[in-house]
Amino acid sequence: MADITVSMVKELREQTGAGMMDCKTALSETNGDLEAAVDWLRTKGLSKAAKKADRVAAEGLVSTITDGQKGAVVEVNSETDFVARNDQFQNMVADIANVALSVDGDFDKLIATDYPGAGKSIQDHVAEMVGTIGENMSVRRSAGLSVAQGIVTSYLHGQVVDGQGKIGVLVALESAGDADKLAALGKQIAMHVAATNPLALSTDDLSQDEVNREREVLITEARESGKPEEIIEKMVEGRLRKFYEEVVLLKQVFVIDGETTIEKVLQNAASDIGSEVKLAGFVRFGLGEGIDKGPEEDFASEVAAAVGSS
């Protein structure tokens, strides 16, 4: 039997898009013959992933999972909403979410961990499922939150099935107070985050580049007024405060009551919950956000293009 080297496995993977272990098996089955290994993968439906991997996967599902003081959120993409409503895809997302919770949402650990019962990594299993289901799919991202004392709660907007939807939010609250009341507050804040999509928890957490960019825009706008520089400086500082109220979670007005800031909501909740409440962190995943979906074409255009090229 030929020695199967790392470079051989890598080359076959690059040609076919199949998983590392599948490539190694294919080379072993074909005594190291690269062309034969490609054909072997094709017969198993595994090399389909290569061409499909070039297609944009911006649909899919976001899944949240919590267990007391910790939680995780994952985004798994597919090409179409139709596949996202497929039981096989949804079961896969649920399994991946459970693994994400066990690795505290760490993405690199997640995709390298064995998929339950598959004997291969999650990354390789998803690549195999591309050939099985017939669409490009990927585990795009994951994150986790945890607290030493308190609770991590979640909220899903556009829920498709239990634990899976279009927008997923985790909120971590630190407190020694009543757990049920803390969970209810966390759920409301998570709903707020889903609606407002804040950029940061506090002003200190905002990217300095983001602040500087906003400041430059505000300075340019203010100078157009023709006012003196000392007035412009005050105008800019006032408008920056308004910017913080729009994008910083603690400074935002609570959507539930429309008048109290989140910071004040936490302070007010302390007496009811029985202990001080600290918002330790939040995560919000919106399905497909930031993915360049490219130009949209209707079905008729696709058919016309296909006919024209034949």
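Residues are numbered from 1 along each chain as its sequence is written. In this predicted model, local features need pLDDT of at least 70 and side-chain atom pairs count only at pLDDT 80 or more, while totals for chains, interfaces and linings use all residues; side-chain values use heavy atoms, with hydrogens and water left out.

**View 1. Asp-81 pairs with Arg-85 in a salt bridge.** A salt bridge here is a side-chain nitrogen of Lys or Arg within 4 Å of a carboxyl oxygen of Asp or Glu. The structure holds 13 of them. For Asp-81 and Arg-85, the closest N and O atoms are 2.8 Å apart. Asp-81 has 27% relative accessibility, so it counts as partly exposed (buried is under 20% relative accessible area, exposed over 50%, partly exposed in between; 1.4 Å probe, protein chains only).

**View 2. Glu-128 meets Lys-120.** The closest N and O atoms of this salt bridge lie 2.3 Å apart. Is Lys-120 buried or exposed? Lys-120 is buried, at 12% relative accessibility. Glu-128, at 22%, is partly exposed.

**View 3. Glu-263 and Lys-251 form a salt bridge.** The N to O distance is 3.5 Å. Glu-263 sits in helix 12 (residues 262-273) and Lys-251 in the loop between helix 11 (229-247) and helix 12, so the pair ties together parts that are 12 residues apart in sequence. Helices are DSSP runs (H or I, at least four residues), numbered from the N terminus. Glu-263 is partly exposed, with a relative accessible area of 34%. Lys-251 is partly exposed as well, at 34% relative accessibility.

**View 4. Shared partners make a salt-bridge network.** Glu-75, Arg-140, Arg-141, Arg-284 and Glu-289 are joined into one network.

**View 5. Helix 9 packs against helix 12.** The axes of helix 9 (residues 179-196) and helix 12 come within 11 Å and cross at roughly 165°. Axes are lines fitted to C-alpha atoms over the stretch in contact, and angles run from 0 to 180 degrees between N-to-C directions. The two helices are therefore roughly antiparallel (angles over 145 degrees). Their crossing is right-handed, meaning that the near helix is turned clockwise from the far one by less than a right angle.

View 6. Contact means heavy atoms within 4.5 Å.

Definitions and conventions:
Angles under 35 degrees count as roughly parallel, over 145 as roughly antiparallel, 65 to 115 as roughly perpendicular and the rest as oblique.
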